[in-house]
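The entries follow in the order in which I looked things up.

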Amino acid sequence: MVSWQQWQESWDRQQEWYLPDREERFRTMLDGVEALTGTEPRVLDLACGTGSISARLLRRFPGATSTGVDLDPALLTIARGSFQGDDRVTFITADLRDERWTEKLPYETYDAVLTSTALHWLGTDELRALYARLADVLRTGGVFVNADHMPNPDAPRINAAEHAFTRARQERAKAAGAVDWPQWWTDLAADPQLRDVVAQRFAIFGNPAEAEGDHDDAGAHPIDWHIRTLKEVGFAEATTAWASLTDAAVLALR
């Protein structure tokens with residue numbers, strides 16, 4: 001039987017197959033938290049998955065507290081198992097598209113809201129509505145960081161070149177034994193302790209091994225859309241905290 005920590009680590013490796021600069025994003029995210037809220041923040045880990053952000057948050061800031069929110073029962077099971085006995089962390093099952101999801105949170109306000117590689121799955125109106133709710137969840141002076149896929153539609157040749165480069169790198173890594181998203185879920189479904197929650201997950205989101213094609217730029221907005229929208233819904237300031245050719249971390253101050 002694979003341990004919770006082993007599944008947590010395998011999730012990180014699988015994500016790094018797609019995002020080799022993932023740790024750099026997290027470091028920049030936490031730099032922003034420290035600079036703007038200090039070293040004992042109350043953090044909302046949005047679309048938390050297995051708790052990767054919370055793990056790095058608490059490693060860097062032992063006095064922090066974290067609330068992880070996700071809808072995926074399998075990833076939340078791994079998260080809860082990984083953090084079992086740590087009273088600094090709470091995990092909540094919620095659908096971010098539900099306008100009342102914030103009522104499930106244990107605190108009325110947070111110092112920071114952090115999320116990575118998740119919100120591009122929401123529709124444009126859903127994401128705008130979520131940003132508005134986050135403006136209400138954050139205290140005045142609180143910080144929000146969204147690290148995600150944010151390609152520039154005005155740079156099609158750059159995007160195409162980056163896509164081809166990334167594909168070639170991924171294929172080399174896969175040939176060397178790296179596990180991609182569909183294979184990771186296939187492996188998870190084979191674990192007896194997780195088989196039932198994986199089936200629940202597939203009922204909600206579908207089986208990644210049966211999906212056709214990849215997500216590519218579907219649903220992703222450019223950096224300037226995020227900055228403009230965050231200001232429109234109530235954030236005082238917003239800026240680019242980190243960027244690669246097609247991905248970025250946008251930081252907004254309440």
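I count a residue as buried under 20% relative accessible area, as exposed over 50%, and as partly exposed in between (1.4 Å probe, protein chains only). By that rule, buried residues make up 48% of the 254 residues in the protein chain. I note that the model is predicted, that local features need pLDDT of at least 70 and side-chain atom pairs pLDDT 80 or more, and that totals for chains, interfaces and linings use all residues. Numbering starts from 1 along each chain as its sequence is written, and side-chain values use heavy atoms, without hydrogens and water.

Overall form. I found that the C-alpha trace spans about 50 × 45 × 30 Å along its principal axes. I found nine helices and seven strands in the protein chain, taken as DSSP runs (helices H or I, at least four residues; strands E, at least two) and numbered from the N terminus.

Helix pair. I looked up helix 1 (residues 4–18) and helix 7 (residues 181–189), whose axes come within 10 Å and cross at roughly 165 degrees. Axes are lines fitted to C-alpha atoms, for helices over the stretch in contact, and angles run from 0 to 180 degrees between N-to-C directions. Helix 1 and helix 7 are therefore roughly antiparallel, a term for angles over 145 degrees. On the contact (heavy atoms within 4.5 Å), I listed Trp7, Ser10, Trp11, Gln14, Gln15 and Tyr18 of helix 1, and Trp181, Pro182, Trp184, Asp187 and Leu188 of helix 7.

Note on methods: Parallel < 35°, antiparallel > 145°, perpendicular 65-115°, else oblique.
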